[in-house]
Every structure is written in C-alpha cells, then in structure tokens.
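Please read it alongside the sequence and the coordinates.

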Amino acid sequence: MKRGEKVLEQAQNMIDDGRKPSASVLSQELGWAENDVHRCLNSLEKKGEIETYTKAFMGRKHRLVGVKR
C-alpha cells in the first residue's frame, strides 16, 4: 500500500469513528513525520480524493482533513 493510501485510509477510519483528523494527529497515529503527512495530503488533494482546511485553536493553526466519498 502506498503512503498516500495509508493516510487516506487512516483519515477515513478516524472520520468513521467520529473523530476529526488533522495532519498532526495523522502523523502521530501513523508514526510518520508531519512533513511526510502534509506531502501525502497535498497529493491526495490534487487528485480530488480529500479536502483540507485550516482552523486555529489552542493558539495554533491545524490542517484538518475531509474525505470525499
């Protein structure tokens, strides 16, 4: 399985569990560097498989992920 597919699958699982995936949470759960997750998210977004948006909370900006179904 390619890295992008792993990120997509993990994001879908988190959404199915009622959680909101962010790039930092995905990197923690997958055990990858956050930069690698951002690269995968950029690729998936260009392909139209996901949507991302930025939201600020707790004094930091977080990149959240929405999966297109």
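## Surroundings of His 62

Once its neighbours within four places in sequence are set aside, His 62 is in contact (heavy atoms within 4.5 Å) with Ser 24, Tyr 53, Thr 54, Lys 55 and Phe 57. His 62 belongs to strand S2, which covers residues 60-67; helices (H or I, at least four residues) and strands (E, at least two) are DSSP runs, numbered from the N terminus. With a relative accessible area of 12%, His 62 is buried, where buried means under 20% relative accessible area, exposed over 50%, and partly exposed in between, for a 1.4 Å probe and protein chains only.

## Basis of the description

This is a predicted model, in which local features need pLDDT of at least 70 and side-chain atom pairs count only at pLDDT 80 or more, whereas totals for chains, interfaces and linings use all residues. Residues are numbered from 1 along each chain as its sequence is written, and side-chain values use heavy atoms, with hydrogens and water left out.

## Salt bridges

The structure holds four salt bridges, each defined as a side-chain nitrogen of Lys or Arg within 4 Å of a carboxyl oxygen of Asp or Glu. One of them joins Glu 29 to Arg 19, with the closest N and O atoms 2.2 Å apart. This pair links distant parts of the chain, since Glu 29 is in helix H2 (residues 23-30) and Arg 19 in the loop between helix H1 (3-16) and H2, 10 residues apart. Glu 29 counts as partly exposed at 38% relative accessibility, and Arg 19 counts as partly exposed at 36%.

Another salt bridge brings together the side chains of Arg 39 and Asp 36, at 2.4 Å from N to O. Because these two residues lie three residues apart in helix H3 (residues 34-47), about one helical turn separates them. Arg 39 is exposed, with a relative accessible area of 51%, while Asp 36 counts as partly exposed at 23% relative accessibility.

A further salt bridge is formed by Glu 45 and Arg 63, whose closest N and O atoms are 3.3 Å apart. Here too the pair links distant parts of the chain, with Glu 45 in helix H3 and Arg 63 in strand S2, 18 residues apart. Glu 45 counts as partly exposed at 31% relative accessibility, whereas Arg 63 counts as buried at 15%. Salt bridges that share partners also join Arg 3, Asp 36 and Arg 39 into one network.

Val 37, Cys 40, Leu 41 and Leu 44 are buried in H3. Seen down the axis of H3, its buried residues fall within an arc of 100°, so they line one face of the helix; the arc is that of the directions from the helix axis to the C-beta atoms. What covers these buried residues includes H1, H2, strand S1 (50-57) and S2. The face turned away from the buried side of H3 carries the exposed residues Asn 35, Arg 39 and Lys 46. Just after H3, Gly 48 takes a positive phi of about 85°.

## Packing of H1 against H3

H1 and H3 pack at an angle of about 90°, with their axes 9 Å apart; axes are lines fitted to C-alpha atoms, for helices over the stretch in contact, and angles run from 0 to 180 degrees between N-to-C directions. That makes H1 roughly perpendicular to H3, given that angles under 35 degrees count as roughly parallel, over 145 as roughly antiparallel, 65 to 115 as roughly perpendicular and the rest as oblique. The contact is made by Arg 3, Gly 4, Val 7 and Leu 8 of H1 together with Asp 36, Cys 40, Leu 41 and Leu 44 of H3.
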